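Please look at the sequence and the model shown here before reading on.

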Amino acid sequence: MEEAKSEPRVGIVYDGRMCKHDTPDGDDHPENPNRIRAIWNKLLTNNIPQRCVVLNAKEAEEKHLTYVHSRNHVNLIRNISSKQFDSRRNKIASKLNSIYFNEGSSESAFLAAGSVVEVAEKVAKGELDSAFAIVRPPGHHAEHTEAMGFCLFNNVAVAASFLLNERPELGIKKILIVDWDVHHGNGTQKMFWRDPRVLFFSVHRHEFGNFYPCNDDGAYTNVGEGPGAGYNVNVPWENGRCGDADYLAVWDHILVPIAKEFDPDMILVSAGFDAAVGDPLGGCCITPYGYSVMLKKLMDFAKGKIVLALEGGYNLNSIANSALACMEVLLEDKPVTGSSEAHPFESTWRIIQAVRQELSTFWPTVADELPTKLTSQVASQLLLEISSSDSENEDEKSLDHVSDNSVEVNFVTSFGSLKVQDNHDRVANASTNWRLELSKIDIWYASFGSNMWIPRILCYIRGGQVEGMNGACPGSMDRNPPKETLWRILPHRLFFGHSSTRTWGPGGVAFLNPESKIQDKTYMCLHKITLEQFNDILLQENCLSDHDMSFPLFDLTALNSVIKEKSISMEVLKKGWYHNVVYLGEEGNIPILTMTCPLSDVESFKAGKLPLCAPSKEYANTLIRGLVEGEQLSEEEAVAYIEKSSTTPL
């Protein structure tokens, strides 16, 4: 008779003292005490702690902290909550990146790091099979010498270093750190950059360095150095909205194959739940089912020796439900149920292929190209749903699906209402029915040429001209300026073609290759305008100012088509150079559109049938001013960027 399997010994640590860390004046903040309270209460309601080994939090020892942090940093966090720092505390915090301190910060930080060390040691000893440390403040952004990104000590890195350096007799010689927080674990990466004992894996929203922590640390080309080369794996999302299908594709085609070769003795998970559905900062879409499958796949390694340590996650319902799903997996409470029928994004497959190629020299298991039959299975874009309501309630609903550029949080609502300004001379000659309809729809117009400079884009909206232009623009019917401006770097090739233009005289003008390639990077300035204004800009960009605008050039049907097809050529604008409208994704649920030449023209430029030509000084200066005043590049860097784009062969 088969003996009944005993329930796993799962540890769980929670301590209300970690709630003492809060904003000094009680101001609202995403990283607040309710985060761990919500998780604990959810687990209590579902009788999870009653079936676990519940441990009290334990303060970290300073000698363990100094394995990964400088002595000065440890001393600062030890003393920051003392009375001697009362007058300086806020000033010190203001000099750090996204950090606050109060009278409870020191104790909370030492408890968070110590708790992860405590459960990691018990799992390593075999006293526990696995564990979950419900701790705060989080840790994966904290670097050797300073706190950043809500993180004071790097809790997971402290625990890993403790096991490897302090307790070698426990037999933990190789540790896999899986960071599934939506942000890149920059601090953890740096701490094990040259250490082959630690395989650090981070999947994160990156957007070419524009998503927090807003640098290139999370690029897939960062693979470690010296003896640690190949032991640092970054999977950087190009966009938000990644969900179960995207993450599980990464698990199946990158993490799992490499983990099999690495064969870890233990796994530490930087378990941030800010990639979950509804998170206000993450903008991704993992469900509790998705997290449970990700964790279940990891349990096949290291004999199930896994420790989860809470990182980010700022929607209380999402983090509570996601944590519950993970605890049920650790307890082997019930079979994982759910579905993941959706396919990954096309950009996900592109990133997976790029990461595999980069790591192929270190991990032969990922050397092969994935079959086209697999990578052609991509998510189909849902057609844009046009809401007829302009109520505040509709705008509030969209907050559950916004994205964050992590320099400042922009809660971008989907379809803002806007009065049509009937004050243009041409209004008597045009039907306003379509204008009234399209004035209620927002899009992001992504500019890569002279429209990167704000005074230049205003010529297309308000009319007029700037220095270097040979004539004035008539402007748009709606002369309101863009509601918002953002910058992004997108994987498309910028080049300059034609030998002369009506607007700028001799010299080439900017074009964007409609096809995206991972190695290409183009700075793009996104202007949030109405679909009505986009029609008027299309008209002016293609030099057809005498066209009858009784009907829109680009209506809702065209918008839905470009979202589905990625690009559409406007037949009515075929004589113009920019008649190909290209869909570049979304920002805050609002589509990003640009206009460029069709692929057939790109081939003509390559073949010499259309001339490639460097821009004139006046035109180049306009692009440079846009990049510099937009704080994207220094003047020297902007000049080099334009020169490289105009001289590198297609």
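With which residue does glutamate 238 form a salt bridge? In this predicted model, the partner of glutamate 238 is arginine 350, and the closest N and O atoms of the pair are 2.4 Å apart.

The bridge between glutamate 238 and arginine 350 links distant parts of the chain, since the two residues are 112 residues apart. Glutamate 238 lies in the loop between strand 6 (232-237) and helix 8 (244-262), whereas arginine 350 belongs to helix 11 (residues 346-359). Both glutamate 238 and arginine 350 are buried.

Arginine 350 also meets the side chain of glutamate 346 in a salt bridge, with a distance of 2.6 Å from N to O. Because arginine 350 and glutamate 346 are 4 residues apart in helix 11, about one helical turn separates them. Arginine 350 has a relative accessible area of 15%, which means that it counts as buried, the limit being under 20%. Glutamate 346, by contrast, is partly exposed, with a relative accessible area of 41%.

## Other salt bridges

The structure holds 37 salt bridges. One of them joins glutamate 629 to arginine 625, where the closest N and O atoms are 3.7 Å apart. Arginine 625 is partly exposed, at 37% relative accessibility.

Salt bridges also form a network, which includes Lys58, Glu118, Lys122 and Arg167.

## Strand 3 and its neighbours

Strand 3 (residues 130-133) is covered on both faces, with Ser130 and Phe132 buried on one side and Ala131 and Ala133 buried on the other. Strand 1 (residues 10-13) runs parallel to strand 3 and is joined to it by 4 bridges, and within this pairing isoleucine 12 stands opposite phenylalanine 132. Strand 8 (residues 306-310) is likewise parallel to strand 3, again with 4 bridges, and here isoleucine 306 is the bridge partner of serine 130.

## Nonpolar cores and a buried glutamine

In soluble globular proteins, nonpolar side chains tend to be buried together. The largest nonpolar core in this model has 127 residues, and Trp180, Phe201 and Trp251 have the most contacts inside it. Another core, of 73 residues, lies apart from that one and has Ile461, Leu494, Ile568 and Leu584 among its members.

Glutamine 189, in helix 7 (residues 186-191), is buried as well, with a relative accessible area of 3%. Among the residues that glutamine 189 touches are His184, Phe200, Asp217 and Asn222.

Conventions:
Residues numbered from 1 in each chain as written. Predicted model: local features only at pLDDT ≥ 70, side-chain atom pairs only at ≥ 80, totals over all residues. Heavy atoms only, no water. Buried < 20%, exposed > 50% of the residue type's maximum accessible area, 1.4 Å probe, protein only. Contact = heavy atoms within 4.5 Å. Pairing = 2+ DSSP bridges. Core = buried A, V, L, I, M, F, W, Y, C linked by side-chain atoms within 4.5 Å. Salt bridge = Lys/Arg side-chain N within 4 Å of Asp/Glu carboxyl O. Lists of a residue's contacts leave out its neighbours within four places in sequence.
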